[in-house]
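Dear colleague,

I am passing on the structure below, and would be glad if you could look through it alongside the notes that come after it.

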Amino acid sequence: MSFKKISALLLVAMLAVGAFGCKKKEEAPAPGAEAAKPAGDTIKIGFLGALTGDVAMFGKPTLEGMKMAADEINAAGGVQGKKIEIVEADNRGDKQEGASVTQKFISRDNVTAIVGDPTTGITKVAAPIAQKAGVVLLSAGATGPGVVEVGDFIFRDTLLDSIAIPACIEYFAKDLGFKKVAIITSDNNDYSVGLSQTFRDAAAKVPSIKIVADEKVKDGDKDFSAQITNIKAKKPDVILFSGYYTEGALIMKEARKQGLKAPMFGGDGLFSPKFIELGGPAVEGSMSALGFSTEQAAPATAKFIESFKAKHNGELPGLFDAQGYDAVMLLADAMKRANSVDPKVFKTALAQTKKFEGVSGTISMQANREPIKSPLSLLVVKDGKFVLKAKVPVKMD
């Protein structure tokens with residue numbers, strides 16, 4: 001056989017093998033791989049938050065609440081016959097990772113909406129990305145300024161510092177007789193910086209309240225002796241710490257060590273079992289302003305509490321469980337009222353939400369897409385647990 005004939009036969013054989021190989025790849029996906037679902041049979045909602053790291057105490061319960069809401073909605077038939085799917089990822093409380101996760105949700109997972117981040121700092125990083133892509137982002141925890149201002153796809157369902165703090169200051173002045181306040185700000189934490197400024201602005205409108213000290217720390221600090229020494233000399237009635245539970249607990253241990261008896265007050269950044277675990281007896285009497293309490297529960301909240309306990313071996317839900325749950329319910333409600341799962345359409349219905357009976361309170365969206373929530377719950381650490389001190393009504397109009 002000639003060389004040309006041999007070459008021709010070999011070429012035919014190679015082409016045949018190649019064609020057969022391509023055919024096999026199409027017919028037999030790699031082991032463990034699932035065929036892609038047809039587009040549009042689910043409504044994907046991304047969870048943006050930390051599942052590991054220092055702020056996982058906010059992220060984990062937010063995700064649990066989201067899943068619980070999705071399960072209930074799906075059991076009732078979904079939204080427009082579509083099931084809700086929660087897409088999760090761990091941003092570890094890191095801003096750069098938060099941006100990466102947001103991009104992944106949008107470009108790879110094709111989410112309709114994103115719930116999160118529970119922290120103000122990462123929400124402010126993620127919001128411009130979601131806004132540019134035309135994907136609704138609803139934070140179930142960010143309370144600081146500069147969030148919804150990013151654009152008309154950005155929302156939140158949490159009790160705002162701008163509403164909670166004035167109500168608390170009025171309660172401090174009239175009901176508790178506080179007059180002198182010391183402020184401690186974690187100046188590398190967006191949430192803390194914003195909360196402290198909100199407190200200063202609100203306190204300036206109450207003549208009987210005087211800020212006698214204004215100290216700065218940083219997230220990650222361990223030694224607060226200098227700040228407490230300065231504060232102790234001013235004899236405050238209460239210490240406002242606007243940061244998170246880790247530093248808050250250590251600050252109170254130093255305060256008690258130096259004989260300073262003033263209680264601590266803070267926002268939802270203090271509301272964690274870790275605050276009590278780390279601070280022990282030193283945090284007794286500390287207060288946290290929240291949009292949720294399991295005590296004196298409204299009917300919708302009571303139902304949620306019982307369902308949560310049934311799923312979690314009798315454990316009570318917390319603020320972030322409730323706000324994560326409400327976030328998914330708000331999105332589903334807006335989709336139903338808009339008769340659309342297109343974020344460019346249902347964002348208008350979401351912005352028009354009025355007196356939605358959430359499990360974390362009654363929620364209305366203002367014209368700027370900022371929520372008004374009522375009532376405010378002021379919790380206090382008593383005998384090693386957060387318990388309700390007072391429920392403060394908030395005007396909904």
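The model is predicted, so local features need pLDDT of at least 70 and side-chain atom pairs count only at pLDDT 80 or more, while totals for chains, interfaces and linings use all residues. Residues are numbered from 1 along each chain as its sequence is written, and side-chain values use heavy atoms, with hydrogens and water left out.

Grid points are joined across faces, edges and corners, and a volume is the space filled by probe spheres set on the points.

The largest pocket holds about 710 Å³ of space. Its lining comprises 26 residues, of which Phe271, Pro273, Leu316, Pro317 and Gly318 are the closest to its centre. Because domain 1 (42-159 + 296-365) and domain 2 (162-290 + 379-392) both give residues to this lining, the pocket lies between them; the domain bounds come from an automatic or database domain assignment. Helix H2 (56-75) gives the largest share of the lining, five residues, where helices (H or I, at least four residues) and strands (E, at least two) are DSSP runs numbered from the N terminus.

The whole structure has three cavities of 30 Å³ or more. The largest cavity, with a volume of about 90 Å³, is lined by 14 residues, and those closest to its centre are Thr143, Leu159, Asp161, Asp268 and Ala289. This cavity, too, lies between domain 1 and domain 2, because both give residues to its lining. For the second largest cavity the volume is about 50 Å³, and its lining includes Phe58, Tyr191, Asp268 and Phe320.

Turning to the helices, the axes of H11 (319-338) and H12 (residues 343-351) come within 8 Å and cross at roughly 110°, the axes being lines fitted to C-alpha atoms over the stretch in contact, with angles running from 0 to 180 degrees between N-to-C directions. That makes H11 roughly perpendicular to H12, a term that covers 65 to 115 degrees. On the H11 side the contact (heavy atoms within 4.5 Å) includes Leu330, Leu331 and Arg337, and on the H12 side Val345 and Phe346.

Kind regards

Technical notes. On a 1 Å grid over the protein atoms alone, a cavity is a set of points where a 1.4 Å probe fits but cannot get out, and a pocket is an open set with protein on both sides within 12 Å along at least five of seven lines; lining residues have an atom within 4 Å of a point. Angles under 35 degrees count as roughly parallel, over 145 as roughly antiparallel, 65 to 115 as roughly perpendicular and the rest as oblique.
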